[in-house]
Amino acid sequence: MIKVRHEIRLPMLFLATLLLNAGAAFMWPLTTIYMNKMLHKSLTTAGMTLLIMSLMMMVGNYVGGRLFDHWSPYKTGLLGAGLSLTAMIALIFSHGWPMFGILLVIVGFGDGISLTVSNSFGATIKHHTTRQVFNALYIALNVGVVIGTLLVGYLLALGITVVFIVTTACYVALFLIMVTEFRIDLPVVKRSDRQKYHLAKPNLHQIWILCGMVFTIYASYSLWESVLSVHMTNLHIAFHDYSLLWTLNGLMIVIGQPIMNRLFTHRSLPGQIAGGTLLFASSFFLLTFASQYWTFVVIMIVLTIGEMIGFPGLPAWVDSLSLDAPKGEFQGLYNISISLGRAVGPLFGGLMIDYFSYQSLFLTVTIAMVLMVAWTIGHYLKSGRTSA
């Protein structure tokens, strides 16, 4: 019989987050190449598939938050991991078109649920500070991404079926952890109890503004995963060298994040987020002048340092603003902002490049991020810092 606990163990939540993001990291860089080179579909079709997958991930974020609060946190976790696992098993045996696209969308929906469930369980941990929990989950996310992106290139050479088998193994391990470790005795919010969790307007407004900033950040960040590869190859920089920048990013986070956590443990959370985000935004301004590979290396270092300082605190701030309100709803909103930014960013980048230029795109997102930081911190100060 599975033991019911009152709080999830942070190491097991860390491992679940790592496995979830490793599995997802196998699929994201693979999709465009596989659809274009092996299924002989256009880049537009591949882009639309990824867009629909992102939108379904947003739906999963929302559904995961609602079910976590009002149904069962444990069963919601099993539902998300189970959907992704089932779709991945099917992909091993059927990965032609259109089945590949259909199953990929199901994986996106399941991953969206699982991401919100992981964050929501993290927000319930009491034996560690909220900042410590989300810093650990941020490291887990990046370790997973590094593992997935490093291995997928080697595994693809062995055949697409091998990639799907290894990815499925990640989801099998995730599902088993969900079954054994996520059976936590957490209260579920009944319909009649929802009114007593009503948040004060300053906190609610701060959460919405903060999520707007998160959307802007990740819409900008997605440009690195989409148009930057084209921009760099246009400058006669090899695609392999572009890929090495992501390895640099991942390794810096895995090695440097624990150091950053110690340096900023006693700093103001809003101030830490603002400083890190502004440094992150400055890297996009520097892109307007970049033309040689070494400049992109320097810019990636600046971007990663800003990311390490500012990003882990974002879900922690959302959690602190939600006070005793249900965790799933607001962590779901935070994850929706990320998914929406990732979905909109490449489309916005493509339109800006088609009608203006790369330089105009980089300046636009820089200004957008600076304005959103100013609005976020301005509201925080105006509300008397009671909403932090």
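**Close-up 1. Helices α10 and α14 in contact.** In this predicted model, Pro270, Ala274, Thr277, Leu278, Phe280, Ala281, Phe284, Phe285 and Leu287 of α10 meet Phe362, Leu363, Val365, Thr366, Met369, Val370, Val373, Ile377 and Tyr380 of α14. Sorted by class, the residues of this contact between α10 and α14 comprise 16 nonpolar, 2 polar and no charged ones. Helix α10 covers residues 269–287 and helix α14 covers residues 358–382, and the two pack with their axes 8 Å apart at an angle of about 165°. Because angles over 145 degrees count as roughly antiparallel, α10 and α14 are described as roughly antiparallel to each other. The crossing in which α10 passes α14 is left-handed.

**Close-up 2. Helices α3 and α6 in contact.** Helix α3, formed by residues 73–93, and helix α6, formed by residues 160–181, have axes that come within 9 Å and cross at roughly 160°. That angle makes α3 roughly antiparallel to α6, and α3 passes α6 in a left-handed crossing. From α3 the contact draws on Tyr74, Gly77, Leu78, Ala81, Gly82, Ser84, Leu85, Met88, Ile89, Leu91 and Ile92, while α6 contributes Thr161, Phe164, Ile165, Thr167, Thr168, Tyr171, Val172, Leu174, Phe175, Met178 and Val179. The residues in this contact of α3 with α6 divide into 16 nonpolar and 6 polar, with no charged residue among them.

Close-up 3. Pro98 is found in the loop between α3 and α4. Helix α4 itself runs over residues 99–123, and its 25 residues reach 36 Å from the first C-alpha to the last, which is close to the 36 Å expected at 1.5 Å a residue. This helix is mostly covered, with 22 of the 25 residues of α4 buried.

**Close-up 4. His236 in the loop between α8 and α9.** The loop that holds His236 lies between α8 (227–234) and α9 (239–263). Although His236 is not a glycine, its phi is positive, at about 65°; most residues other than glycine have a negative phi. His236 is exposed, with a relative accessible area of 76%.

**Close-up 5. Helix α11 and its buried residues.** Helix α11 (residues 293–310) has 18 residues and spans 26 Å from its first C-alpha to its last, close to the 26 Å expected at 1.5 Å a residue. Its buried residues are Thr295, Phe296, Ile299, Met300, Val302, Leu303, Thr304, Gly306, Glu307, Met308, Ile309 and Gly310.

Conventions. Residues numbered from 1 in each chain as written. Predicted model: local features only at pLDDT ≥ 70, side-chain atom pairs only at ≥ 80, totals over all residues. Heavy atoms only, no water. Axes fitted to C-alpha atoms, helices over the stretch in contact; angles between N-to-C directions. Helix = DSSP H or I, 4+ residues; strand = E, 2+ residues; numbered from the N terminus. Parallel < 35°, antiparallel > 145°, perpendicular 65-115°, else oblique. Left-handed = near helix turned anticlockwise from the far one by under 90°. Contact = heavy atoms within 4.5 Å. Nonpolar A, V, L, I, M, F, W, Y, C, P; charged D, E, K, R; others polar. Expected span 1.5 Å × (residues − 1). Buried < 20%, exposed > 50% of the residue type's maximum accessible area, 1.4 Å probe, protein only.
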